[in-house]
Amino acid sequence: MRYTDKVTFIKQGDSHYDPDLGENVSTEPIEVNRWCHVVTPTMAKSALVFGNLQESDLIIHLKQPYKDTYDYCLVSDGKYFFVTQKTVGRRQIILVRGNDDANRN
């Protein structure tokens, strides 16, 4: 398996009220890029592993697990959200699902 695709995990910045400035301030989002192998699932085989699938789902294979938390990820400029994951040996398999805005960035 070749890890030639790139996934970007994004954790939104925190927002809070700063009484000295008198306004809400937020920190910058954290972006982490990882090399991966992206697969569009075939319904018959993947349904056995992950359960019910939708057409907007992707399967991301990572050689080394990504253990930090994230709000969403970007794959090929599409926005995807975490659904579930499996660990096989040292590899991590993540199922993500796109939404209606996935291709409108």
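View 1. Strands here are DSSP runs of E with at least two residues, numbered from the N terminus. Glu23 comes out as partly exposed, at a relative accessible area of 45%. (With a 1.4 Å probe and protein chains only, under 20% relative accessible area is buried, over 50% is exposed, and in between is partly exposed.) Skip the neighbours within four places in sequence, and Glu23 is in contact with His16, Tyr17 and Asp18; contact means heavy atoms within 4.5 Å. Strand β2 (residues 15–18) runs antiparallel to β3, and 4 bridges join the two. Strands count as paired if DSSP finds at least two bridges between them. Across that pairing, Ser15 faces Ser26 of β3. The two strands make a hairpin with 4 residues between them, and Gly22 in the turn has a positive phi of about 75°.

A quick note on the numbers: residues count from 1 along each chain as its sequence is written, and side-chain values use heavy atoms, with hydrogens and water left out. Since this is a predicted model, local features need pLDDT of at least 70 and side-chain atom pairs count only at pLDDT 80 or more, while totals for chains, interfaces and linings use all residues.

**View 2. Strands closing into a barrel.** Here 6 strands close up in the order β1-β4-β5-β8-β7-β6, with antiparallel pairing. On average, neighbouring strands of this sheet are turned by 45° against each other, direction ignored.

**View 3. His61 on β5.** His61 sits in strand β5, where it is the bridge partner of His37. At a relative accessible area of 16%, His61 is buried. Beyond residues up to four places away in sequence, His61 touches Met1, Tyr3, Cys36, His37, Val39, Gln92 and Ile93.

**View 4. The largest nonpolar core.** This core has 13 residues, and Val7, Phe9, Ile60, Leu62 and Cys73 touch the most other members. Strands β1 (5–11), β5 (57–62), β6 (72–75) and β8 (91–98) each put in at least two residues. The top contributor to this core is β5, with 3 residues. A nonpolar core here is a set of buried Ala, Val, Leu, Ile, Met, Phe, Trp, Tyr and Cys residues joined through side-chain atoms within 4.5 Å. As a rule, nonpolar side chains in soluble globular proteins tend to be buried together. Zoom in on Leu62: leaving out residues up to four places away in sequence, Leu62 touches Tyr3, Val7, Phe9, Arg34, Trp35, Cys36, Arg91, Gln92 and Ile94.

View 5. Phe, Tyr and Trp rings (the six-membered one for Trp) pair if their centres lie within 6.5 Å; planes under 30 degrees apart are stacked, over 60 edge-to-face, and the rest tilted. The count by that rule is 5 aromatic pairs. Among them is the tilted pair of Tyr66 and Tyr70, at 5.9 Å centre to centre with 55° between the planes. Tyr66 is buried at 8% relative accessible area, and Tyr70 also counts as buried, at 17%. Ring pairs tie Phe9, Tyr66, Tyr70 and Phe82 into a cluster. Another ring to check is Tyr72, where the charged end of Lys79 sits over the ring, 4.4 Å from its centre. (That call needs NZ of Lys or CZ of Arg within 6 Å of the ring centre and within 35 degrees of the ring normal.)

View 6. Ser76 is in the loop between β6 and β7 (78–88). Its phi is near 50°, a positive value in a residue other than glycine. Ser76 counts as exposed, at 70% relative accessibility. Asp77 lies in the loop between β6 and β7 too, with a positive phi of about 65° although it is not a glycine. Asp77 is exposed, with a relative accessible area of 66%.

**View 7. Gly98 on β8.** Gly98 lies in strand β8 and counts as buried, at 12% relative accessibility. With neighbours within four places in sequence set aside, Gly98 is in contact with Ser56, Lys79 and Tyr80. The C-alpha atoms of Gly98 and Val83 are separated by 10.0 Å, and the two residues are 15 residues apart along the chain.

Technical notes: Axes fitted to C-alpha atoms, helices over the stretch in contact; angles between N-to-C directions.
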